[in-house]
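Notebook open, model loaded. I'm jotting down what I look up as I go.

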Amino acid sequence: FYSCTDILLNDDPYNSIHLKGGGWITFDSNDIATIFNNDFSFQMWVSGSKKTDDNDAKTLLSIVDESNQIHFGLFRDTSITNGINLYLNGELVETIANDDVDWTTSEFILLTITSDADENLLTIYINDENAYSSTFDFNLINSDLVIGANINYDQTNVTNFWNGYIDEIR
């Protein structure tokens with residue numbers, strides 16, 4: 001995997017990656033084809049760090065397809081402090097509101113995404129509690145996984161930078 005600059009490590013009191021609205025982490029399509037093989041679990045600890053001053057939906061993670069549609073994406077809902085917008089195949093399908101989430105603080109949540117290939121079932125957990133479940137075929141071909149920003153397929157336009165901490169991506 002590779003990442004851009006503007007990522008700080010060891011920001012007191014955390015030993016985490018602090019994205020300050022200009023950094024992101026990219027996992028190459030070859031890597032995620034192995035990781036997101038329609039039968040997987042993906043976890044990361046994430047927190048906000050401040051209230052956003054604009055209406056850009058800050059990107060937790062995104063996978064954009066060749067037509068620049070968001071195949072899979074999780075974005076901060078800017079209208080509420082505890083919401084995550086889920087995009088599948090280019091459409092907003094769910095706003096997940098959860099009392100454990102407060103993007104205006106640096107309080108961490110454990111975000112877990114699982115996929116069951118036998119049932120084509122996508123499940124999203126927040127702090128080990130089921131927050132969303134539905135059928136979805138990941139079918140990832142030549143698409144990068146980006147954490148902390150939304151990047152078009154050709155990697156020429158970067159938007160919706162995350163402001164907050166990321167830790168223990170696994």
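Which residues touch the most other members of the largest nonpolar core? I find L60, L61, F72, L74 and I113, in a core of 30 residues. For the term, I take buried Ala, Val, Leu, Ile, Met, Phe, Trp, Tyr and Cys residues joined through side-chain atoms within 4.5 Å. Buried is under 20% relative accessible area, exposed over 50%, partly exposed in between (1.4 Å probe, protein chains only).

Before going on, I note that this is a predicted model, where local features need pLDDT of at least 70, side-chain atom pairs count only at pLDDT 80 or more, and totals for chains, interfaces and linings use all residues. Residues are numbered from 1 along each chain as its sequence is written, and side-chain values use heavy atoms, with hydrogens and water left out.

Next, the overall fold: I count one helix and 16 strands (DSSP runs, H or I of at least four residues for helices, E of at least two for strands, numbered from the N terminus). Of the 170 residues, 48% are buried.

Last, charges. I see one salt bridge (side-chain nitrogen of Lys or Arg within 4 Å of a carboxyl oxygen of Asp or Glu). E168 and R170 form this contact at 2.7 Å, N to O. E168 is partly exposed at 41% relative accessibility, and R170 is partly exposed at 47%.
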